[in-house]
Amino acid sequence: MAFPDSFMQDLKARSDIVDTVSSYVNLKRRGKNYLGLCPFHNEKTPSFNVNPDGGYFHCFGCGAGGDVITFIERIENLDYVEAVKLLAQRAGLQVPENNVDDSLSKLRLRIKEINRETARFYHSVLMSPEGRKGLEYFYGRGLSPQTIRHFGLGYAPENRFALVNHLKEKRYSESEMIQANVAFKGRSGGAVDRFYGRVMFPIIDLSGTVVAFGGRALGDEKPKYINTSDTPVYKKSHGLFAMNFAKNTTSGQLILAEGYMDVISLHAAGFTNAIASLGTALTPDQARIISKYAREVIICYDSDQAGQTAAQRAIPILRETGLNVRVMAVPGNKDPDEFIRSNGKDGPAMFRNLIENSGNDVEYQLQKLRIQYDLSTADGSVRFLTDACTVLANIENDIERNVYAGKLSSELNVDKSAILNQTSKLMKQKFRQYTKKQNQNRAKELSGINDNINTEKRRHLRAANAEENVIRFLMKHPDAKGRIENALKPEDFVTEFNRRVYRSIIGSIDRTGTVSLSDFSGEYTSEEMSAITKIIATEMASITLDDVNRNIEMIRAGGYSARAEDIKNFTDDQMIEYLNSLKNRKK
């Protein structure tokens, strides 16, 4: 990326990675590094490390890593140029615009403009004679004109080219419409409206920008809902409907409902802290966003089996972010919208009463188990307690676990220690399973099987590991560049990805006399940055230049060392491959 070196050096100096990450993640110092719970995946034990000396972050759980720019890209869902601009704004720096390739930023801006114009178009259609069916639907669901305007609701006409033609008049290209996912390429090759004959719900991000849409069929068409797929400005796993309004709540509490209409009805009834996930089960990313704006979440899903299953899945995801979780049951198998409307003017007050009387997630899960068994029988009690211990085994807090063990002990006249012993066994079993899985993942990692960036590594494991050792050493000892470069040319590298990284390191040292991870963030994807960070973050015993020279010999030999102790352990196939590599090298 063509930002001047002087500007980037200044930006790095003013953008301390610990300070930046600390504004998103609770970090604690551990030796030279800082440790916290990873913001990019669910975890209970911190594995997210920030290394201030190296200027990088790395999660040993999910593998995410990079410099301060990569972190902002990931956490804010920005491209490289936008992340640099955000950091520069925070640092009080003027961003040089000349020669900067901001094509992706410009595309994102165009998509946002398309989304804004599309939302206006759908709303104008809704308020016209052509949108009569959509307006009747919203009025039939009890929405007022004020609520319809507040949420920017709309209607997509049945004409399959209505939006496309409108956007063409506004000078947007078909390619841009398709990338915004408001249109798709038809059989004839031209753009066709993605949404038609549906009421439309614009999805707005935390900054107030329209980033996507949800469309609901008015008849029996399948699917009932169609949602925008991921685009350069939208990730479904991050989105939360009405969070742009609910984030302003001062109660520290959010209501998590299932659908658009539930949320809109709740807002209209005065519950402006209601939100919903977007067309998918709740994700860890959504849970982390929720935890930034609330201390407690009330799950208010539909009372049917699908809703209850979704609630059970959401509970551990929300809990792992540190949120207090409560679950409310709406009587009569109704969803929140139906409940409020069916109770007329008393609906809001009755719904608030449901909130106040809702139990926490542990009580909810235990109650769901109680109704499955006949507790008047010994067999029913044993089966209930066995399953109840599974619930208790998921509670991290020792005091909380003891309290519930005591309640179950009193309820069923069973010794509390027996319940805690069974719970402890289940917790140890879970830990063994977790450890086994971690070891399996580690074995795959060492073998290169799981490496989706350097896909050649699994076929050239020894050479790839040697290449990584050279990269790691050179990143820490840029003064050795001359000696290493004389002995090892980029074309000597066996794997293309490591060859590319090696070239980048040499180029950076040639330009500035030094090298850091931030020198790469403009030319590598966030996934590639994670792979490079992993190489750098891997702890090694003190490696000398002699060790590096042996690794260089291994690379130039195609991945095999000529040392006797290595040759002695070769299989027949490895020996043949080694001899062939020597022949090729002589040629």
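Modeller: Before we start, two strands pair if DSSP finds at least two bridges between them. Helices (H or I, at least four residues) and strands (E, at least two) are DSSP runs, numbered from the N terminus.

Colleague: Fine. What am I looking at?

Modeller: A predicted model, where local features need pLDDT of at least 70, side-chain atom pairs need 80 or more, and totals for chains, interfaces and linings use all residues. Numbering runs from 1 along each chain as its sequence is written, and side-chain values use heavy atoms, without hydrogens or water.

Colleague: How many helices and strands does the protein have?

Modeller: There are 26 helices and 17 strands. The C-alpha atoms fill a box of roughly 85 × 75 × 50 Å along the principal axes.

Colleague: And what share of the residues is buried?

Modeller: Of the 587 residues, 48% are buried. Buried is under 20% relative accessible area, exposed over 50%, partly exposed in between (1.4 Å probe, protein chains only).

Colleague: Let's go to the sheet with β1. What order do its strands take?

Modeller: The order is β1-β2-β3-β4-β5. This five-strand sheet is open, and its pairing is antiparallel.

Colleague: Which strands are at the edges?

Modeller: β1 and β5, residues 65-66. Each of these pairs on one side only.

Colleague: How many bridges hold β1 to β2?

Modeller: Three bridges join β1 (residues 28-30) to β2 (residues 33-36).

Colleague: New topic: helix α15. Which of its residues are buried?

Modeller: In α15, residues 347-356, the buried ones are Gly347, Phe351, Leu354 and Ile355.

Colleague: Why do they sit on the same side of α15?

Modeller: Because they cover an arc of only 100 degrees around the axis. The arc is that of the directions from the helix axis to the C-beta atoms.

Colleague: And what is exposed on the other side?

Modeller: Ala349 and Glu356 are exposed there.

Colleague: What do the buried residues of α15 pack against?

Modeller: Their partners include strands and helices: β13 (253-257), β15 (296-300), β16 (324-327), α11 (260-268) and α14 (336-342). Contact here is heavy atoms within 4.5 Å.
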